[in-house]
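Thanks for coming. Please have the sequence and the structure open while I talk, and look up each residue as I name it.

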Amino acid sequence: MNSFMNKLKGALILTQGNIEAVDWKLQGKEATKTVGRIGVKTVAILVNIILTVILVAVITGAIVGVAAVVYLTNFIDDDISNFEVMVTEQSYTTIFFTVNEHGGYDELVGQNLHGQYNRIWAYYEIMPRHLIDAFIAIEDRRFMDHNGVDWRRTINATMGFMSGNIDSGGSTLTQQLIKNITGDMDNTPQRKIQEIFRAVNLERVLTKQEIIQLYLNTIYLARGNYGVQAASWSYFGKCVSELTLIEAAAIASITQFPTRWNPVANPDQNQMRRDTILREMYFQGRITRAEFEEAHEQELVLYNPNRPTTDDENDESELRVEQPATTWYIDAVILEMRDIFMERYNITSGAATRMVFSGGFQVITAKDRNVQATMEAVFEDDALISRITGFRQSLLQPQASMIILHPRTGNVLGVVGARGEKTQSRMFCYATQAMRQPGSAIKPVATYAPALEAGHITYAMAINDRPYTTINGNPWPVNVVRNNFRGWTPVRDAMARSVNTIPVWILSDMIGIDNAFEFLTETANFTTFVDADRAIAPIALGGMTIGVTVQELTASFTMFTNDGMFTESRTVLRIYDRGWERVVENTPAMNVALSVENAAIMRQLLHDAVNQSNSTGLRARVTGFDTFGKTGSTNRNIDRWFVGFTPHYLGGVWFGYSIPQPQRPAVANQGNPALRIWHEVMDRLHRQIPAGERVTSFPRPAGVVTASFCTRSGLLPSPRCGANVSGRHGYFTNATRPSIACNRC
C-alpha cells in the first residue's frame, strides 16, 4: 500500500512541474494489480480462518461424538431383551373360582390373594375405549403417532429441567411403561436418555395395543392397586369392561399423583382432575359434547365409600385396602397349591408360597358354596355347639373341625378348621393341619377292609371276642365296656359295637402288620404313619405316634363310597396363569383298594354301625337317607371322631382340645360330640336337597347277594341254632356266601 501511494505522489509532482506527461493507463493497471493482490490475500486469510474454524469444529465434534459413543456404550443401557422377563416377574393377584351348575366359573369375590401388590391382569380387548382414551388424552395425546418419544414435549421438558424444574413432564406412555417395569425412577439425564433409547427400541418390537395393554396393567392407582382391573374392582366393584365414562376418568385421574388424586381419600381433588380429563377428551375429539356434559354432571359412586381414610395425604400406607381374612377353604387351597408348586418346580415352601400369593393365577376350586356356608353357620354358633355337644360355656372350650368331600370324586366341598368366626388369614386349621390319634375311626380302613378284600373275613364271620394278651396282669385290649368280652361275635356286630379285640385278632392272625401298614400308606395314602407304627395298637386301634388329619382320614373312606377306588381329596381342580393358559391339571391320585362287591359289603357294615340298635353311631342317622359311618375315640376320650357318609356327602369331624386332654366323663356319656356336630351339619344339608335330586341309597352291585347266617358261627343256620339266627341276613359275594351248616350251636 505504501509503494502505491509513493508512485501516485510522484506522478502528481511530475505533472505539476510539466516535466513529463503521466501514463495514466499504465498506472491504472498497476493499481488494479495491486488491489487484486491485496484482495486475494485477504480472501485467503479469511478462507484459512474459516477452514481452521471448521477443522476445529470437526475435531471437536469428533471428540464429542466419540465421547458420546463412549458414554452411551458404557453408561446408557438401551437393551430391552429382558423386558418380557421383567413383565412376567411382576407381582400379580391370584383369583379363585368355583364351578357353577352350568359348568362355568364363578369368582369367589373378596377372596383374591396378593402380596404387596394387588394387580389383576386385563386384556386390551376387554378394556373400554373411553378408558384407553382417558389415559391417552391426559398422559400422551400423540401416543398413536410418535415412535416412543414425543420430541416436542421432550424438548420442553429438557428446557424446564435446565431451568430447575425437575418435575416438567415429557414422558410418553411408552417411557412411563419402561419406568414402571424397570423401576428406574431417578431424575437424572442419564436415566432420561436411557429411557428414550429404550422407548424407541420397544416401539420397534411391540404394537401400540400391546404397549397400552402393558401400561394399563402396571401403573399404580393408589390403595395398593396396580393396574386398571384391580382399581376397577377396588373402587367400583366391577370388571374393567363395565366401567362407565366417569369411572374411567376417575381412574385415569389417579395416575400422576396417586395419593392426591385417589377418589376415596380425596374425592374433591379427584373430581377436579377428572373434569380436566373429560375436557381434554372432548377437545381432542375423543368424546362428543353430549357425552362430556353427561359425565361432567354425574355423581361418582364408589363401591365402598365407607372404607377408612386418612387426613395425611402423604401417608400412602394408610390409604391401602386391607385384604380381608381368607376363609378356611382358601387357606386349604393355599396349602395345596404350595405343595403342588413345591413338587412341580422343586422349590422350597417359602418360594412356593410366594408363587401362590404373587403369581397371578386363576384357580378353579372344588368348593361348594352352599356346603361351606352351612358348615360355617354351625361352627360359628357357639351356643349351638355347646347345646348339641353338652359342653357348657366356660373359660376352657374344646375345639372342633370338619371336612366334607364329594363321595365319588373326593373333591373337598367345604372345610372348617375351628369353632367360631374366622377373623384372621391362614389360621391353624384343625381339619387339614392338626394330627390326632384316630382311635376306632380307622378300624374300617386299617383292618376290616383289607381283611375282607383278602378273603380272610366275611360280613357274618364270627371271631372270638377275647383279650389278645395281658399287660401287668390286666387283659388287653379292653372293649368300650371294660372287660365285657362276649365270645364268638359276627364281624357286623364287632363293627357296630366298635369292639377292640376283634380288629386286633384280625390284624395279628389274618392280615399281618406289614400288609396292613402298606395298605394304609400305599393304597390309602396316609402320610403320617412312621416306622414305630408298624405295631398292633397303632394300626388296629388307631393309637398312632403322630396321628392323622381329618382330611386324610375322611379321604380314606372314599374306597367305600367310590366302588372300592380310593380317591385322594383335593381343593384345587385346575390352575391357569393370568393369560388363562393351563398350568396345572390337578388329577387326584386313585388306587384300587377293594372290589366293587367288597366296597358294597363294607358299606353295609358301616350302615349297621349307624343303624343297628346297639351301634355306637346310632345318633348319626339322617332322616330319609341311608347313613353310614364309624365313631372314634381314644384313651380317656382325648379325641373324639366321626366319619360318615350318605349318597350325597362324605364328611369327617374331630372334637377335642387344642392341648390334648381328657374330655369330662359326664359330657362324654352324653354321646360322641363329633357325631352330634356331623349330624347337625348333614341334616341341614340334606333338607336343602330338592326332592327331585335326592338319592336315598347306594345301588347294590349284582355280585352281592344276601343269605341267612348263624350269629355264633357265621355259617348256614342249622336246626340247633335257634335264637342265634334271629332272622338275620348278611351280605356276601357268591364265593363267600355261607355254604356249610353251623356246627357250633
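This is a predicted model: local features need pLDDT of at least 70, side-chain atom pairs count only at pLDDT 80 or more; totals for chains, interfaces and linings use all residues.

Arg 426 is not a glycine, yet its phi is positive, at about 55 degrees. Its relative accessible area is 42%, so Arg 426 counts as partly exposed.

Now the overall picture. The chain has 27 helices and 20 strands. It has 745 residues, and 51% of them count as buried. If you take the contacts between residues at least 6 apart in sequence, 69% join residues at least 24 apart.

Asp 563 belongs to the loop between α24 (558-561) and β12 (565-567). With a relative accessible area of 29%, Asp 563 is partly exposed.

Next, go to helix α18, residues 443-453. How many of its residues are buried? The count is 10 of 11, so to speak a mostly covered helix. The buried residues run through Lys 443, Pro 444, Val 445, Ala 446, Thr 447, Tyr 448, Ala 449, Pro 450, Ala 451 and Leu 452. Just after α18 comes Gly 455, with a positive phi of about 85 degrees.

Asn 598 sits in helix α25, residues 596-611. Its relative accessibility is 10%, and the cut-off for buried is under 20%, so Asn 598 counts as buried.

Let me turn to how helices pack. Two packed helices are described by the angle between their axes and the distance between the axes. Look at α12, residues 267-283, and α13, residues 289-297. Their axes come within 9 Å and cross at roughly 175 degrees. An angle over 145 degrees counts as roughly antiparallel, so that is what α12 is to α13. On the α12 side the contact uses Asp 275, Leu 278, Arg 279 and Tyr 282, and on the α13 side Arg 289, Phe 292, Ala 295 and His 296. Sorted by type, the residues of this contact are 4 nonpolar, 1 polar and 3 charged.

Now a second pair, α4 (residues 129-139) and α8 (residues 208-218). Here the axes come within 11 Å and cross at roughly 90 degrees. α4 and α8 are therefore roughly perpendicular to each other. Ile 132, Phe 135, Ile 136 and Glu 139 of α4 meet Ile 212, Tyr 215 and Leu 216 of α8. This contact divides into 6 nonpolar residues, no polar and 1 charged.

The last topic is aromatic rings. A pair of rings is described by the distance of the centres and the angle of the planes. With ring centres within 6.5 Å taken as a pair, the count comes to 28 aromatic pairs. In one of them, Tyr 468 and Trp 505, the centres are 5.1 Å apart and the planes are at 70 degrees, so the pair is edge-to-face. Tyr 468 is in the loop between β8 (462-465) and β9 (469-471), while Trp 505 is in helix α20 (residues 501-511), so the pair ties together parts 37 residues apart in sequence.

Phe 642 and Trp 678 form another edge-to-face pair, 5.0 Å centre to centre with 70 degrees between the planes. Phe 642 is in strand β17 (residues 639-645) and Trp 678 in helix α27 (residues 673-687), 36 residues apart. Both Phe 642 and Trp 678 are buried. Elsewhere, Phe 97, Tyr 105, Tyr 576 and Trp 580 make one aromatic cluster.

Arg 466 lies over the face of Trp 505, 3.8 Å from the ring centre. Over the ring of Trp 328 you find the charged end of Lys 422, 5.1 Å from the centre.

Finally, a peptide bond. The one from Trp 476 to Pro 477 is cis, with omega near -5 degrees. Pro 477 is in the loop between β10 (474-476) and β11 (487-490).

Terms used
Residues are numbered from 1 along each chain as its sequence is written. Side-chain values use heavy atoms; hydrogens and water are left out. Axes are lines fitted to C-alpha atoms, for helices over the stretch in contact, and angles run from 0 to 180 degrees between N-to-C directions. Helices (H or I, at least four residues) and strands (E, at least two) are DSSP runs, numbered from the N terminus. Angles under 35 degrees count as roughly parallel, over 145 as roughly antiparallel, 65 to 115 as roughly perpendicular and the rest as oblique. Contact means heavy atoms within 4.5 Å. Ala, Val, Leu, Ile, Met, Phe, Trp, Tyr, Cys and Pro count as nonpolar, Asp, Glu, Lys and Arg as charged, and the others, Gly among them, as polar. Rings of Phe, Tyr and Trp (its six-membered ring) pair if their centres lie within 6.5 Å; planes under 30 degrees apart count as stacked, over 60 as edge-to-face and the rest as tilted. Buried means under 20% relative accessible area, exposed over 50%, partly exposed in between (1.4 Å probe, protein chains only). A charge sits over a ring if NZ of Lys or CZ of Arg is within 6 Å of the ring centre and within 35 degrees of the ring normal.
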